[in-house]
Each structure stands twice: as C-alpha cells, then as structure tokens.
Amino acid sequence: MSFLRGGQIQRLPIGTRKGPLEVPLPTEKDWPKDDEEDHVLVDPDEELDSLPQPYRMINKLVDLLFDQAWEIIEERNVLREAESSQIQLTVYPPLGEIQLNKMPTCMAVSQDYVFIGGAKGFSIYNLYNAKRIYAWEKLKVDVTSIWATDLGNEILIAPLDEMGIIRLFYFYKDGLYLVKVINEGDDTSKQTTCIKMEISQGGDFVAFLLQGAGDVWLDVYKLPKETWLKEVEHPQLTSNPKKKVRQLQLNTLGPTSADHLEMDINVCFKGDIKLTLPVYTMKIKPPKPVTGTTFKSPLEVFAKIEDCYGLGSGQNHFIKDSQWERQAEIFNASYRKCLDGEWEEEPLSTATFYFLLPSCLFAMPTEVKGPSGMACVLGVHWSRSHNFFLYSLNRTLKDKADPEGVWPCAAPIVASQLSCSSSYLVLACEDGVLTLWDLAKGFPLGVAALPQGCFCQSIHFLRYFLVHKGQNMYPEDPVKSQMKCVVLCTDASLHLVEASGTQGPTVSVLVERPVKHLEKTICAVAPVPALPGMVLIFSKNGSVCLMDVAKPETICAFAPPGGFPLEAPWEPVFVVSRHHPCFLLRGDYSQDTESTDDAEIQYSVFYFNFEACPFLENISKNCTIPQRDLDDMAFPQALPLEKRCERFLQNSYRKLEKNPEKEQEHWTRLRRYSCLLQRENFKKEAATTLGSEKVSVTGQPLPGH
C-alpha cells in the first residue's frame, strides 16, 4: 500500500525519535521546521512514500493482524509436531465398575472393603467383586468425608456429614456398631462443627478439630480397643434376628475371582449393643496472641516456666506493650500504601496434627504400660504459626494441656506430612523451605529449599526404593535414615526430595510449571505403594497418568469409558489402596443416557487394577529385593549401620592381605601407638599419686596441683 518516489525526506522510526510523541497530522505538508533533526535522507531507490491518514493506520492494523495470525499458525505447527513426535501413552480401562443412583461424595479403603459416602449415609462394598454388603442410610444430610482405619481384625469408620457432625463406627466381622456421636448437641445454637480428624497408628488415640462460637480447638480421646473386642465377641444383648440385610448385585467389567467369593458376608447394624465410650483425655487450644508482658524482671519470666513446658513458644517473654506499639507504628509507616483499603476478617486458625510413636525424641514413661507401637505424643501446628508443638498423650483431663516441647521455624508453617511408618516428618514453611526430620533417630535429615517462586502445596511420602537393573525395588528389610517424597507446589510443578543420614537433601524437578498448556495443570498427586517409585498424577483436563519418579517419565494412563467423564477434574474423588495394587476413581453420570430424571441417572465408581496391565503386573509381583542380594551389591545406603561397619573392616582387611609389607607396617604403627598411650597413662597416674602424697604431708596442695 506504498509506492516508490525519489527525493523524499523520510521520518525516523518511532523507537529512535527524541522528545515526547505528538499526534500526527492528516498530511505531512505541515511538518514543523524544528523537526528537521528527526529527518534523514535515504536512498531514492529504496524509499517508500508514507500513506496519508487514515490509510496509514489501516495499514498498521492489517500488518499487526497478519503478524498475530502468523504467530498463532507457527505455535500450532510446533504443537502439532511435538504431539506427533511424542510417544503415545497406553490408556488402560477400568477392570470393574460400581453403579450408583446417587452421586458419591467420598471414598475410603481399608482391608478388603470400600466405604463410599453419599446421600444420607455410607455404604460398604467388597473390594474384589464390587458387591454392596451393607448400606447405613439414616441421616437427613449427605456425608462429605469418610475415614477408615485398620485396627487388625477390626475397622474404625468415621463419616462426617454436611452439618459438621462426625460419628465413630466399629466394624467387626459381620457387625457394624455405632460407638459415639462426637459433637452432636441438643441446642442447635451451640452446635460445634468438626473440620478434620486423625487416628493414631494402631487405633489407640483419636483427635478431632472442632470449631464453634468463634473458637477452635482439638479434642483428644483414648480408644478402649480391647474392651470393644470383648463386648462384641460376648454381647449381653443380641441383635434382632428378623433384620434382613439388603444386598445389591452390581455390574463388573471383569471376571470375579473364586478366591474372594467367601467374602460375601451378611453385615447388619447392631444398634442395640452399646460399646464403651472413648475416654476424653485432652483439649488443646491455639496459642494466644503474643501481647505485652506484665513481668517486671527476667527472673519472673523464668519463674513462670515450669519444667521447661512451652519453652520456645513465645508466650513467656519480657517485651512490653510500648515496644509492641512502637514496632506496629514503624510497620504501618513503612507499608502504608499496602495497608490502605478494606481488610477482610481474619479466618479462624486451623490445625494440622499427627500422632507420633516413641523414639529417641519422645520416650514413653517407664510407669506407663502399653504396647510398643502405641503413640505417645501429639504433634500440632496451627495456621500462621511458626511453631510445631508436642503434647504428651500420657495425661488425664485434669492435667494442664501445656506442650512438652516446641520446634520453632523461621517462617510460618503452611504444610506438613508424616510418613506411614511415623519415622519421618516434613515441615514446609511459607518461604519454600522444607525441614526434614528423622523421628526414629532423633535428628534432622537436613533443610531443603524449593526453587525460587515455588511454594509447597502438599507433600506425599514414597516408600524408600532402589533402582536395580533398571527396575525400582523395595529393600526387604526396613531402611534407616533414608527418605523420599514428592512435593506438589502452588504453581503446579512437581519435585522429588531425597534425604540421607550421611548426605544433604536434594531437590529435583519432575514436572515443570505449565506455561502455555494450562489444561495439563496438576491438581492432585497420589503415591502407589504397590509399585515402587510410582505416583498417580491427576490433571485439570481429566487425565490420570502413572509416573516413574526415578527416570522420571510417564509410563501409562488410565481413563474411564468415553461416556463417563470425571465429575470435577480439578477436584478428583479417588482412593488408592495401601495393601492392594488398585485404586478407585469416581466418574460422572453416563452422558449416553437421555433421561432427565434424577432417579434414573447412574453414577459410577471405577475400579482400576495395576496388575491388569501386563508390564505393571511383573513390577507389582516382583518389587522386593532380598537382603542377601543387597549384601552382594553396591547399595550401602540400604544396609544397617552394623553391616556397613562390618563390610568396611572386611574390605580393609582384604586390602592388607594383598600387601604383606603394608600389613606389617600397619601393625608396627599400631604397636607404637599403643605403647605411647600406655606411657602417657603411666605418667598421669604417677602425677596423681605424687600430688596426693604431698597433700597428705603438708595439708595443702603444692602450686600447680
């Protein structure tokens, strides 16, 4: 849209012009004379005549649209080439399906049972053949969360409904028993709400995080497991024999094994048998805000502290109100621009808590009798708090609930996780720093910092594994002071954190933060205990992939049938079994059905078995390496300390045997060193004897003694 013309003066580009920009005139005849310095003479053969307005603006818009379209075309070509060169993952369908006429809201797996919460209650299903063996539906609202803990031969079930009321159920053989409704009250105006709960390993203690009337606190109970077992095996009241259990045969996509048919038992709810109630032991409240001191001297501060309880929490200090006020004034003056405007009401503090087993850090009192695996300490950290508090569980309700220990951090703790064995703990602060603790040995494994701009969202422990001949393997014997975990960050990046007792922790990137393809954003991560070094990754686009963190690479994918998309891909409802090679995933209702009646809409929970995949079956069945093979291989990190010392001495002795002259030299050096030590010891004994004789004669020690 321009043509050549000779002898024309051309304006400099905008990027090289000096002075403020001016609105161009409709024509170029009225250029000001003082703009001559912005004009240069160009070669008449290469000169283009500028178009008058408004055609010049139209020309620029057309060029801009062309450039943008060309960028989009290039980006799509690059994406198409990347997809064509990328290895297509094998997608495996589910092995089984549980069909429901109401949408499931939560799931839990324990032993060989699946517990699915939904409308008005929860149901119990057989894990192998997808049969429903009992349904407890006596609520007026839906169940939103459910927990199931294996107690050995029994299972403790805790469903939480929409009203925030949580109940404890005891499941043993063919009976379901209601133990206690934890927070149901007669006065609705004083109704408390349960936020979360945690059961100790072995089921000796349980803790509930409750809130109500503008306050939040932790209630801790001790569970009488042995008494429950006696009461259900020798009940004083018998349940109604006329009660019949409703059963529903559900569809399965795969064959049912004959080995598990004997699990089809008749389960009934035995509400007439009252079990012993849990023992209320402790109530823990959030730490009070730090305010000005009333103490007049530092001695009064130390006198307030009894047996070092709460030392380090910041509650007992010698900072006056005037100092706090002065600090607040300085802060407000420095950040006045950021503080201007309306402030939202600060939410109630929430807590994350774990039951910790006895170790070098937490010793069980000698007067307390209990099993070796019983929890003895409750670890708690509150939101917006720097401290991790430790509370002893060996107390009664009359005892004062003060922390026995405090672990302060440099920044507020935003996330944490305890390993399944209760041997390792990770504390993540809001500045992206992770503190790794070896609770069994009683020392920190190290401090690791996530890459700049990455902040922890969740932590997931992996069972420690080794790479042997290109395959991930679990050591047969427990490994000490060795841990691995994956960290999902707020920017959807995924990292692997490894730590050893002799080496510092390392952080490696597994999945980068998505920049262009936001549909691949990671929403959830779940380790697969049945497959060493494997994790399930749930993405925003609804894809479910299995990743090997050792390589790292994606191995395969899992997907429900085409007519059943995920209900909410950004918040998937799933559960991974700890003892079986499978996981369950909730799908949306079938889009193939044209019915609009809610009663006819079918929801599904899909059962995926890793052993149904040919190459995963071999990994699942051969995932353990014997200890004798480790002794013959170069895996010192998987050996206990005694074995490592023995191997070191044996290797040193073998080296000496190969060189007799060096062996004789070593023995000679050891003899000389032994003689030197004996001579020094003799001198010390002689000096001590002489000094004692002088004192006995004169009654006073000599100078220098």
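Analyst: Buried means under 20% relative accessible area, exposed means over 50%, and partly exposed lies in between (1.4 Å probe, protein chains only). This is a predicted model, in which local features need pLDDT of at least 70 and side-chain atom pairs count only at pLDDT 80 or more, while totals for chains, interfaces and linings use all residues. Residues are numbered from 1 along each chain as its sequence is written, and side-chain values use heavy atoms, with hydrogens and water left out.

User: Is Leu178 buried or partly exposed?

Analyst: Leu178 counts as partly exposed because its relative accessibility is 27%. It lies in strand β12; helices (H or I, at least four residues) and strands (E, at least two) are DSSP runs, numbered from the N terminus.

User: Which residues does Leu178 touch?

Analyst: Contact means heavy atoms within 4.5 Å. Leaving aside residues up to four places away in sequence, Leu178 touches Arg167, Leu168, Phe169 and Phe269. The C-alpha atoms of Leu178 and Lys270 are 7.9 Å apart, although 92 residues separate the two in sequence.

User: How many salt bridges does the whole structure hold?

Analyst: Side chains of opposite charge can pair when their charged atoms come close. A salt bridge is a side-chain nitrogen of Lys or Arg within 4 Å of a carboxyl oxygen of Asp or Glu. The search of the whole structure finds 8. One of them joins Lys270 and Asp174 (3.9 Å, N to O). This pair links distant parts of the chain, 96 residues apart: Lys270 is in the loop between β16 (268-269) and β17 (279-284), and Asp174 in the loop between β11 and β12. Lys270 is buried at 14%, whereas Asp174 is partly exposed at 36%.

User: Where do Lys484 and Glu498 lie?

Analyst: The side chains of Lys484 and Glu498 meet in a salt bridge (3.5 Å, N to O). Lys484 lies in β29 (residues 482-489) and Glu498 in β30 (residues 494-500), so the pair ties together parts 14 residues apart in sequence.
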